[in-house]
Amino acid sequence: MRFCRYDDDRYGVVQGDKVHDITAIVEKVLAGKKDPRWGDPMITHLDEVRKAVGDVSALPSKPVASVKLLSPTARPSKLIAAPTNYHAHVAEMSERKHERPASKGIAGSGLFLKANSAMVGPGEGVHIRFLDKLNEHELELLIVIGKVASEVSEDEALDYVAGYSLSLDMTVRGGEERSYRKSCDSYAVIGPWMVTKDEIADPNNVAFKHYVNGELRHDANSKDLIWNCQKLISEASKFYTLYPGDVIFTGAPAGVGPVKPGDVQTSECAAIGNMEVKVYAYKKPA
Ligand code: MN
């Protein structure tokens, strides 16, 4: 199933080009349940929600193109991200002077965190800060954790997954720490929805493409990940307990490039879905 959040914090299931409203069903499942201290309440109870939803075709629906898509996970306890996890991306970055010192590779650097407040859905857009600096897109396969996970092995890692999405790890280039440069508001786009893991035969074989104003930037497949999905989950769970709704940005493939206000980013992925993300200049709220 394809679970989304949309408009004014509604829950939906996407089928074809329609989003069916399951908000009342989710609220009924969650009613009376203790709010988890960490993690997303809906994804914590995803199995129960799925059973309660059943056949969505009779539920009220809207064209998916007409709704404002939000991040499918509402309340992750953390946004985990993988640096330099495709050899071809490591190679393209090693040619750039402003990324010195050279990458230690993912085995040397491990993972990093993006601020939760950076998270948005595709319908909210990316709001660029530091217009004088290089701001770039990194389109990445995203893992959504479904169960509490600590010190899990690679063999059992996929048992802890709820589903998969696409994600934009938006980045200000520079010499500062990754977590600083990649945590501006709206620099963590998650969407267009979460596809439950039963629909993805092998997360380490998902093809995806990314375009800016129609120009192809990424043409990638997660089979080229250096740390594959199982390894990412296992390694992350050695350092932190993973909670339902937590996410892992699996890393940028080659083809990262600049974006500026006015650009339209489009992502294509047959296994997950397509998404469109508009780029604006950041404006301080009045
Ligand atoms: Mn990245």
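Which residues coordinate the manganese ion? In this predicted model they are Glu-138 (OE), Glu-140 (OE) and Asp-169 (OD), at 2.0 to 2.1 Å. Donors here are N, O and S atoms within 2.8 Å of the metal (3.2 Å for Na, K and Ca), and because water is not among the atoms, sites may look incomplete. Along the sequence, the donor residues follow the spacing E-x1-E-x28-D. Glu-140 and Asp-169 link distant parts of the chain, 29 residues apart. Both Glu-140 and Asp-169 are buried, meaning under 20% relative accessible area, with exposed over 50% and partly exposed in between (1.4 Å probe, protein chains only).

| Donor residue | Strand |

Helix α7 (residues 229–239) has 8 of its 11 residues buried, so it is largely enclosed by the rest of the structure. Helices (H or I, at least four residues) and strands (E, at least two) are DSSP runs, numbered from the N terminus.

Now to another helix pair. Ile-25, Val-26 and Val-29 in α1 meet Glu-48, Val-49, Ala-52 and Val-53 in α3, where contact means heavy atoms within 4.5 Å.

A few notes on reading this: residues are numbered from 1 along each chain as its sequence is written, and side-chain values use heavy atoms, leaving out hydrogens and water. Local features need pLDDT of at least 70 and side-chain atom pairs count only at pLDDT 80 or more, while totals for chains, interfaces and linings use all residues.
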